[in-house]
Amino acid sequence: MPGTRSSGLLALGGIVLAAVLAMVGHLEVSDDLDPWSLTVSDFAVSDRGGVIDTAMAVLAAASLVLLPSLRRAGAGRVPLALLTAWSAGLLAAAVVPTNEPGTPMDTAAYVHRYASVLSFLALPVAGWLLARHPVAGAAAWLRGLTVASLVLAGAMIWSAYPGDRALLGLIERALILTETALLTTLALHVTLTKVVDHAVVAPHRPGIPVGSGAATP
């Protein structure tokens, strides 16, 4: 289906563009920021409205592009809703800034935090559900990336609270890379898989035109 393949290619292009922008954003920030302990959001707030925020918005848009194709392929409402939640949380985190490193959290920072948590949890759960459905031609990859994402999310929660932010930035970047790989797997599936109508097709019988509506004995 040409429209489905185009959606997959557009999503892949958006993922690549978001990755490039994120790398550029990391290179442009102050050398005083430590990527091992500081999160991507800490880097983004130092360049408010810059390329890292743009990268997050582009990734959210690339995810939304996949929804119609996945729906046509037979994906259920729950995984599609979770993918929408991932995109909405990512976009909210891009628009609403966190606090500057070392300063008290304000309302905007809490909104940013919980929008990020929503995104980080919604995508792997969506991936797991899609892996159980025929829409997932790469079920093993989706399951593996889902498990890795949830393990990293647990490690990030530990680091953020009892772990005194030990290697928080490194863990978060590993989580982002894993979830981006999960999203890329879905985009590749949409691009490479031919989506067909799920209606039941009666076998053709000699002398009866296909779709003629003639009754069969």
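This report describes the fold, cores, side-chain contacts and surface of a predicted model.

## Basis of the model

Local features are reported only at pLDDT of at least 70 and side-chain atom pairs only at pLDDT 80 or more, whereas totals for chains, interfaces and linings use all residues. Residues are numbered from 1 along each chain as its sequence is written, and side-chain values use heavy atoms, with hydrogens and water left out.

## Overall fold

The chain contains 7 helices and 0 strands, and from the N terminus on its elements run α-α-α-α-α-α-α. Helices (H or I, at least four residues) and strands (E, at least two) are DSSP runs, numbered from the N terminus.

Of the 217 residues in the chain, 41% are buried. Buried means under 20% relative accessible area, exposed means over 50%, and partly exposed lies in between (1.4 Å probe, protein chains only).

## Nonpolar cores

The largest nonpolar core has 42 residues. Such a core is a set of buried Ala, Val, Leu, Ile, Met, Phe, Trp, Tyr and Cys residues joined through side-chain atoms within 4.5 Å. Leu66, Leu70 and Leu83 have the most contacts inside the largest core. The elements that give it two or more residues are α1 (2-28), α2 (40-45), α3 (51-72), α4 (77-95), α5 (107-131), α6 (139-160) and α7 (168-192). Helix α3 supplies the largest share of this core, 10 residues.

A second, separate core has 6 residues, among them Ala153, Met156, Leu168 and Leu175.

The structure holds 1 aromatic pair. Rings of Phe, Tyr and Trp (its six-membered ring) pair if their centres lie within 6.5 Å; planes under 30 degrees apart count as stacked, over 60 as edge-to-face and the rest as tilted. Tyr110 and Tyr114 form a stacked pair, at 6.5 Å centre to centre and 15 degrees between the planes. Both residues lie in helix α5, 4 residues apart, about one turn of the helix. Tyr110 counts as partly exposed because its relative accessible area is 39%.

Tyr110 and Tyr114 also contribute, with Val117, Leu121 and Leu150, to a nonpolar surface patch of about 460 Å². Patches are made of residues with over 30% relative accessible area and no salt bridge; like charges are joined within 9 Å, and nonpolar side chains (Val, Leu, Ile, Met, Phe, Trp, Tyr) within 5 Å. Accessible areas come from the Shrake-Rupley method with a 1.4 Å probe; for residues, only the protein chains shown count as cover. The largest share of the patch, 4 residues, comes from α5. Val117 is found in helix α5 and is partly exposed, at 38% relative accessibility. Val117 and Gly89 are 28 residues apart in sequence, with their C-alpha atoms 8.0 Å apart in space.

## Charges over rings

Two arginine contacts with aromatic rings are described here. A charge sits over a ring if NZ of Lys or CZ of Arg is within 6 Å of the ring centre and within 35 degrees of the ring normal. Arg143 lies over the face of Trp128, at 6.0 Å from the ring centre. The charged end of Arg173 sits over the ring of Phe43, 4.9 Å from its centre.

Side chains of opposite charge can pair when their charged atoms come close. The structure holds 1 salt bridge, defined as a side-chain nitrogen of Lys or Arg within 4 Å of a carboxyl oxygen of Asp or Glu. The bridge joins the side chains of Arg165 and Asp42 (3.3 Å, N to O). This pair links distant parts of the chain, with Arg165 in the loop between α6 and α7 and Asp42 in helix α2, 123 residues apart. Asp42 is buried, with a relative accessible area of 8%, whereas Arg165 is partly exposed, at 38%. Helix α2 also holds Val45, which is buried at 11% relative accessible area. The C-alpha atoms of Val45 and Asn99, 54 residues apart along the chain, are separated by 7.2 Å.

Most residues other than glycine have a negative phi. Arg165, although not a glycine, has a positive phi of about 60 degrees. Asp164, also not a glycine, has a positive phi of about 55 degrees. Asp164 is found in the loop between α6 and α7 and is exposed, with a relative accessible area of 68%.
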